[in-house]
Amino acid sequence: MDKQVSTLKKSYEPSKEVKKHSIVKDYEKVYLESINNRENFWAGEAKKLDWYRKWDKVLDDSKHPFYEWFTGGKINIIHNALDRHQKNATRNKLAIIWEGEPGDVRTFSYHALNREVSKFANILRSMGAKPGEVITIYMPQIPEIIIAMLACAKIGAIHSVVYGGFSVEALAERIEDANSRILITADGGFRRGKATSLKNIANEAMKRSPTIEVCITVKRTGEECYMENDRDFWYHDLMSMPLACTNCYTEHTDAEDPLFILYTSGTTGKPKGLVHTHGGYSVYTASTFRYVFDIKPEDRFWCAADPGWITGHSYMVYGPLINGATIMMYEGAPNHPYPNRWWQMIEKYGINILYTSPTAIRGLMRFGSSWADRHNLSSLRLLGSVGEPINPEAWKWYYEVIGKGRCPIMDTWWQTETGGHMITPLPSMTLKPGSAAKPFFGIEAAVVDDAGKEVKAGEEGTLVIKAPWPGMARTILGDPDRYVEKYWEKYSKQKWYLAGDSARKDEDGYYWIIGRIDDVIKVSGYRLGSAEIESALVSHPAVTEAAAIGLPDELRGNIIHATVILRQGFEPGDKLAEDLKSHVEKEIGPIARPSFLVFAESLPKTRSGKIMRRVLKARALGQETGDLSTLEE
Ligand code: WT7
């Protein structure tokens, strides 16, 4: 693989500076301790938080796979993310720096954020919101989405954030599944210079799913939208009423009380509403955030995800706020008005850590390095990647052009289901580009075959997690059977969690995530990851993005079908198609040579940036494409 990027080394050592600053210097030692006495380790992490009442038991595993953590304990995540910071210097610190796409800026100190959250929590209570009810949030990337989430948690209600890029049916389906009575939305947001109209979509969704009794709308764009008497309220009207006072009691929730549900992107049929809790999730996001990003009080952290995804929940909102960090939030598109928008903001706000996805990196890489080069990015200390395997081309660009060879890249593997990072480097570790490195503390991972036997080093297998962890989703809302079936049935004898990914572990114990099991293509009995083939294609100078799928073939079981997007200045043609096929053959082996290669202008993607191979496959086979509710644009 390394041949593709000639100057990319097999491994990268952290600089003295990075090492000196890192919280954990000896990963192996701490890891061993954490595994040998797991409950002790998590109790130690839990003690760093404030509890109303200490837990009786760290882990209750008597109802496998419905594990419970810190049972008997009372804790509210908001008490840790906001309340406790009001008593010390953190109250004066910036919690949020927000920039809108048109260039407007808003900032909130911890003190100010707490006031807003308390006010809105009082409003929600006055609307009859009760602990344990699900409140749906459908908003653009504006500070009020965070205020809304935190206000729900404060009163013990369960938030269900539906990504603002979803449309009518997806929203309606999620409202209905959660039986939500209250909806919090906005008139719209700004994206690529245009106002999106969320409220109108919400109105349509409310027609289809009649459970909503109260809809609260934040005014962002000022675009006209229909408001229904007795159902619709403007956020600013409510927030200026006397009942929106800043004195507000934080509900003393149980450790196992649900904090939020989050639906996973519908790559497989009906969305699954995964349930996360106040206790375990607080402990898990707080500690992964601290160790993986080596967070310092003076840091400004930018997770360039949307709060509507788990990455946003865990590392844009909860992990940073519990740790008293300053978070950056940006409303719009990375290339608006120009492809230097992100780099400009990193310079302007002195961002120290940037956490984003390979898709975003590739998207910006496309415009060339000069956009980044014109900005002073010297405030950056660490970089992060999440969501999909990062290909060598993107890794190199991120590392060299953005990080100037100084900033380690934390390639964090995890899932909506896991609540937080599972396999990830720490800043003090040796990095191998393309590898998510090693399991986080307390996490026992393995790569196994169908029988549950560990495969040899370097061989591909199924990724499993062998023991529970505090951040794990507790169930699927309203469908515990599906939870058991999806994640625990395959290795029920061993009681292992099935991650749904295939991976390899090398001789040094580094994990290489290959991709979803459903994206693995078997050609003549050989297993190939879509991501591997795509990575090979992208390493060709003509290709900016690619997608590979398997199509049934009588002779070989499956054959590879590739769709590629060309870089500017390259023309599609038979000659180039042959070149690209040969390039893959050269990079991986004859077995990986695509049988079909087509050129396209764009790839069907979910709004979280994952290629929808299912759609490509259906198209290639001339079948129905099925549910397209998560398709971007
Ligand atoms: C799936 C989970 C976790 C937040 C965003 C995605 C893939 C995630 C990595 C990584 C390779 C990764 C896996 C996983 N994935 N991070 N660093 N390297 N693959 O959350 O939507 O729940 O998706 O994303 O396939 O199973 P998600």
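Pro 337 sits in the loop between β15 (326-330) and α12 (341-349). This is a predicted model. The peptide bond that leads from His 336 into Pro 337 is cis, and its omega is near -5 degrees.

**Backbone features in loops**

A cis bond also links His 64 to Pro 65, with omega about 0 degrees. Look for Pro 65 in the loop between β1 (57-60) and β2 (68-71).

Arg 192 has another backbone feature. Its phi is near 50 degrees, which is a positive value in a residue other than glycine. Arg 192 belongs to the loop between β8 (190-191) and β9 (194-195).

**How the helices pack**

Two packed helices are described by the angle between their axes and the distance between the axes.

| Helix pair | Angle between axes | Distance between axes |
|---|---|---|
| α6 (residues 143-154) and α11 (residues 310-322) | about 60 degrees | 12 Å |
| α7 (residues 168-178) and α8 (residues 198-208) | roughly 50 degrees | within 8 Å |
| α10 (residues 278-292) and α11 | about 90 degrees | 8 Å |

Start with α10 and α11, whose axes are 8 Å apart at an angle of about 90 degrees. Angles of 65 to 115 degrees count as roughly perpendicular. That is why α10 is roughly perpendicular to α11. On the α10 side, the contact uses Tyr 281, Ser 282, Thr 285, Ala 286, Thr 288 and Phe 289. On the α11 side, it uses His 313, Ser 314, Tyr 315, Tyr 318, Gly 319, Pro 320 and Ile 322. Which classes do the residues of the contact of α10 with α11 divide into? Seven are nonpolar, six are polar and none is charged.

Helix α11 also packs against α6, at an angle of about 60 degrees. The two are therefore oblique to each other. The crossing of α6 and α11 is right-handed. From α6 come Ile 146, Met 149, Leu 150 and Ala 153. They meet His 313, Val 317, Tyr 318 and Leu 321 in α11. This contact has seven nonpolar residues, one polar residue and no charged ones. His 313 and Tyr 318 of α11 take part in the contact with α6, and His 313 and Tyr 318 also take part in the contact with α10.

Now turn to α7 and α8. Their axes cross at roughly 50 degrees, so the pair is oblique. The crossing of α7 with α8 is right-handed. Helix α7 brings Val 168, Glu 169, Leu 171, Ala 172 and Glu 176 to the contact. Helix α8 brings Ile 201, Ala 202, Glu 204, Ala 205 and Arg 208. How many charged residues does the contact of α7 with α8 have? It has four, along with six nonpolar residues and no polar ones.

**Cavities**

The structure also contains cavities. Three of them are of 30 Å³ or more. The largest cavity holds about 40 Å³ of space.

Which residues line the largest cavity? The lining is made of Glu 17, Val 18, His 21, Asp 294, Arg 381, Leu 382 and Pro 427. Which helix gives the most to this lining? It is helix α1 (residues 16-21), with three residues. By class, the lining of the largest cavity has three nonpolar residues, three charged residues and one polar residue.

Note on methods
Residues numbered from 1 in each chain as written. Predicted model: local features only at pLDDT ≥ 70, side-chain atom pairs only at ≥ 80, totals over all residues. Heavy atoms only, no water. 1 Å grid on protein atoms, 1.4 Å probe; cavity = no way out; pocket = protein on both sides within 12 Å on 5 of 7 lines; lining within 4 Å. Points joined across faces, edges and corners; volume = space filled by probe spheres on them. Helix = DSSP H or I, 4+ residues; strand = E, 2+ residues; numbered from the N terminus. Nonpolar A, V, L, I, M, F, W, Y, C, P; charged D, E, K, R; others polar. Axes fitted to C-alpha atoms, helices over the stretch in contact; angles between N-to-C directions. Parallel < 35°, antiparallel > 145°, perpendicular 65-115°, else oblique. Left-handed = near helix turned anticlockwise from the far one by under 90°. Contact = heavy atoms within 4.5 Å.
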